[in-house]
Amino acid sequence: MVPSMDRIKEHKREMILRHAQADDVRALAQVLTALTGLAILWWMAVRSVDVSRWLTALAIFLISLFALRIFVLMHECGHGSLFRTHSLNRAFGFVLGVISGMPQYVWSKHHNFHHANNGDWDKYRGVYATLSEDEYEAQTETQQLLYRLKCSIVGAPIAGLIYVIFNPRFNWLKGSIGLLRHIVKGKIANPDQSIHALVASYETRYWQSPKEYWHMTWNNVVLLSIWAIMCWACGTERFFTIYLISSSMTGGAGIVLFAVQHNFAHSYASDTSHWDYDIGAIEGSSFLILPRWLNWFTANIAYHHVHHLSAKIPNYCLVACHNEYAHLFPAVTRVALSQVPAALKNILWDKRSQQIISIAEHRQQMNQAVLRTYSGCSSMAGIGELTGTRD
């Protein structure tokens, strides 16, 4: 593995120079086809309600797939890799973020932190906030059950709906109310203090700067306006039924996709002192073996090892990059679509081995430790009997 990593580090700069070439025409085509497809499918879903529920169900399923592609394209704008210029990535990132229900600028800052620390589980624990073995054992049985449900495929649609629809609205609203209270209290305490100074002195975990707050605000204002227009045009019940079902499917698929790309059997999970960026990209990121149609809907994010070596490589260059340098990636874990449920069972961080393991493996390790302790005690008792030192 060491020589292989040395070769990857040696060729990494060449790899990036050859394939981190954004193409505005290809990027625009990707965005427009995704948006057009989504619009057509929404029209089909709304109109088909009075015709056939099966047709509506099909339209909702396809809406969730197109929305997933839009989310991945939004994510790529956050890396500044979809388009050539910063302004285009910011503009289209905002639009795609509104459609995805996610304030793109704020989300991308958190996501870029993940990229900067991928594989360093002291700093970043993934979408499920993966627990260490000791943290898991410290929980009650009810807490452990809820944790397992949160990390399961069954719980993914609910987690996805909370992640995509509820949290961005709730965080903005709660933070805004807190800001308003802070301003009112400050004015009452000191009427001469300026609103600008009060705003600057307000601290919250929901945003880190005024720029982030205004991005969240405009994202929510535009999205809520679209909701109002769609309710007027389609009917409130019809709109939200289609919207919430498709959003939960999109969010659930996105969470599963993200989780399985980092939580799989014996994935690299280092502490800070032993962490290496490139090892994290290769041993801490999986290569999902998906059918071509699903690779299209996920914008080639399955080639996650290449994406983590350099997020500046556009999605439409990931396959070519992987194929050209495939000889450098023998250590990358391949996960087939049928293996995803099993991979998602790896939800504990084994700090001792610096790997991600399953709860079943954790329990097996605990049982082995108990047997070793019992065997050791039995051996000591036997020695005591032979030497006459046993009480």
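On a 1 Å grid over the protein atoms alone, a cavity is a set of points where a 1.4 Å probe fits but cannot get out, and its lining residues have an atom within 4 Å of a point. The model toured here is predicted: local features need pLDDT of at least 70, side-chain atom pairs count only at pLDDT 80 or more, and totals for chains, interfaces and linings use all residues. Residues are numbered from 1 along each chain as its sequence is written, and side-chain values use heavy atoms, without hydrogens or water.

Next, select H114, N118, W121, Y124 and H262, the closest to the centre of the largest cavity among its 14 lining residues. The volume there is about 70 Å³.

Finally, display helix 2 (residues 24–48) and helix 11 (residues 236–260), whose axes come within 10 Å and cross at roughly 125°. Axes are lines fitted to C-alpha atoms over the stretch in contact, and angles run from 0 to 180 degrees between N-to-C directions. Select W42, A45 and V46 in helix 2, which meet R238, F239, I242 and Y243 in helix 11 (contact means heavy atoms within 4.5 Å).

Methods: On a 1 Å grid over the protein atoms alone, a cavity is a set of points where a 1.4 Å probe fits but cannot get out, and a pocket is an open set with protein on both sides within 12 Å along at least five of seven lines; lining residues have an atom within 4 Å of a point. Grid points are joined across faces, edges and corners, and a volume is the space filled by probe spheres set on the points. Helices (H or I, at least four residues) and strands (E, at least two) are DSSP runs, numbered from the N terminus.
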